[in-house]
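Take a look at the model below.

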Amino acid sequence: MEFKRYLVTAALPYANGPVHIGHLAGCYLPADIYVRYLRARKRDVKFVCGSDEHGVPITIRAMKEGITPQDVVDKYNTIIKDSFAQMGISFDIYSRTSNKIHHETSQAFFRKLYDDGVFEERESEQYYDEEKNTFLADRYIVGTCPVCANENAYGDQCEKCGSTLSPEQLINPRSALSSGPLVKRKTKHWYFPLDKYEGWLKEWITDGKKDEWKANVYGQCKSWIDSGLQPRAMTRDSNWGVPVPIPGADGKVLYVWFDAPIGYISATKELTPQWSDYWCKDDTKLVHFIGKDNIVFHCIIFPSMLKAHGGFVLPDNVPANEFLNIEGQKVSTSRNWAVWVDEYIKDMPDQQDVLRYVLCANAPETKDNDFTWKDYQDRTNNELVSVFGNFVNRAFVLMHKLCNGRVPALHTDVMDAADHALIAEIQNAKISVQNCIEGYKFRDGLYEVIDLARKANKYMQDKEPWIVARTLETNPDNQKLIDNCLHLCLQLTANLAILANPFLPFTAQKMCHMMKVVDRMLEWENAGSITLLKTNYPLRAPELLFRKIEDAEVAAQVEKLHNNLKKATTPAMDNNNTTAPQETPAAEEAAKHLPPKPEITIDDFAKIDLRVATILKAEKVEKADKLLKLELDLGYEIRTVLSGIAMHFKPEEIVGKQVTVVANLAPRKMRGIESKGMILMAQNLDGRLIFASPLETADNGGEVR
């Protein structure tokens, strides 16, 4: 279907704390890349977001800090909004669910469903805190998760294993507000009959979205539907939130997961009088960018609400990412184990695009991924500086040195196969990046951009215009060869700016300044062209696009993480959660390490064949940043093993080293190469890998026991 307009949303962050890089990687950066691409294609697109200011975490933080919920949301709304702006997240509007227009919109939505007889009114017994004299919303109740035994699971979800729960499922439930006993008292609420939409959801999702949605999104939805849906309460007992707009509902507010997604609608209303075009016309493409913990709400509950109301478009796609861990540990804001965006901007000024690059290149698109400062440094120095920035700088330096600072002419009479091949690469890159972005494969799209810069570096190195320049006295016609090389390199630079713009907008702007072109050049239709820069046009002197990240900077950031962890010894607020228990020094130390795996028997261990081997050869695997192809001498045979250590070691550094190999691991094909075994490494607390090698030189093939 051809869409006339696009409406893109990014999950509303709770305004009870700053945003961290896990949030950026999860949904805000992917959404921004997609929107910037659509704008470059001159699509009619609106990008909406805003603070979710009615969640239970807000009231809990307010109680802990002795301030009002409004004080909390006012403080963090500003911090979050500023952080997004400084990172180049280009919302058309960043609104707030505490705004009057949102209250009115969500109340009207609820009232419509109520008047249509959609809700089921139920009286039930719910947990009540006698000490605080209040009914407890799900997130006010903590207990032991029945699935993973996490002792601090919440009444609606376990943050450790991701299971969706109800307070009744918790083992030994307790109040998060006090030490008072929990009792059950009768209260009345209005339930949305999700079970009545099960058949429609099955047809819409299971039958209609299987080949369109990401596997993690489709799989989670199908699991929910197959397990059977149940009515869900859409009101809560609270004095903070959107009041329920019907008689007999005093002291009750809309359930936050009812009013929060309606925040997308109210934000669009606030943005434009034509809001209904984006929400109510079938030729609108609605795309929700979220993290995996919000899949059910955006793919099952909110669409069912829209269906029940009538007149709204449904999401065309919900490209949810997995979680981003930090230095081998799950992000925990209660323990202050996080890289906060506002602090990053202060610590690393003018490095926004570097973070955007690293988070996209390492995006948790299909599985949880790990952010490490060493990887941040390596990707910056080895890819942005050495590949992208190096090519652009060389092209400009040589143009000023060999072509009088002006774009040289392209002499078609002396063009060779390499010139034509580079032009084809430029044109192919546009198609590849476009297909990746439209398929929500942003990591692959960014790879294609960097790969074009790699090919450009090789082209320039093969042409060696600085060498050709030495022949000009005896052969002046060779200036044409220099001109052609640098003309194509400069045209490729202009293309890099266009292709990189959705990912690295600050860098693209700097490149436009160097090329003395207006922003209009960044429009997508210009990509693939080799006539973007006019012949004889003077260009500015080169500026370094990126700088190297020094070891000391990385060490300081790792040290900061661990120092913050040590200080987090008092109860604090998790950004999407309730209070966390006070951590003892022993617990803090244990938290630095990955948890022990389940016990095995001696018979289990006896099945593993560990052998000593020497690395004979090592080389990088094409289009696999983390993989090295190793040739190992096991004494009795030479074997190929692929290992994900390329971000930690250069191939030439490890040749000759001895390693321990799991020799009887079943073969596995990766990137078309069969890997027969696994080498063992140790990981330090700072994320660095070291060799798990014998203390002394051992015979190849010798058993490790």
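Q: Which residues does Cys158 touch, not counting residues up to four places away in sequence?
A: Contact means heavy atoms within 4.5 Å. This is a predicted model, where local features need pLDDT of at least 70, side-chain atom pairs count only at pLDDT 80 or more, and totals for chains, interfaces and linings use all residues. Residues are numbered from 1 along each chain as its sequence is written, and side-chain values use heavy atoms, with hydrogens and water left out. Beyond those sequence neighbours, Cys158 touches Cys145, Cys148, Asn150, Ala153, Ser163 and Leu165.

Q: Is Cys158 buried or exposed?
A: Cys158 sits in the loop between β7 and β8 (171-175); strands are DSSP runs of E, at least two residues, and helices are runs of H or I, at least four, numbered from the N terminus. Buried means under 20% relative accessible area, exposed over 50%, and partly exposed in between (1.4 Å probe, protein chains only). Cys158 has 0% relative accessibility, so it counts as buried.

Q: Where does UniProt place the feature "binding site"?
A: UniProt positions are given in the numbering used here, with shortened feature names, and annotations may be inferred rather than shown by experiment. The entry is unreviewed, and its "binding site" is at Cys145, Cys148, Cys158 and Cys161.

Q: What is the largest C-alpha distance among these residues?
A: They are spread over 17 residues of sequence. In space they cluster, with a largest C-alpha distance of 8.8 Å.

Q: What is the relative accessibility of Cys145?
A: Cys145 lies in the loop between β6 (141-144) and β7 (153-154). Leaving aside neighbours within four places in sequence, its contacts include Cys158 and Cys161. Cys145 counts as buried because its relative accessibility is 1%.

Q: Which side chain forms a polar contact with that of Asn77?
A: Asn77 lies in helix α3 (residues 69-86) and is buried, at 7% relative accessible area. A polar contact is a pair of N or O atoms within 3.5 Å; within protein, one must be able to donate a hydrogen and the other to accept it, and residues adjacent in sequence count only if both atoms are side-chain atoms. At 2.9 Å, the partner is Ser51.

Q: How far apart in space are Val331 and Ala663, C-alpha to C-alpha?
A: Val331 is in the loop between β14 (324-326) and α10 (341-347). Val331 and Ala663 are 332 residues apart in sequence. In space, their C-alpha atoms are separated by 35 Å.
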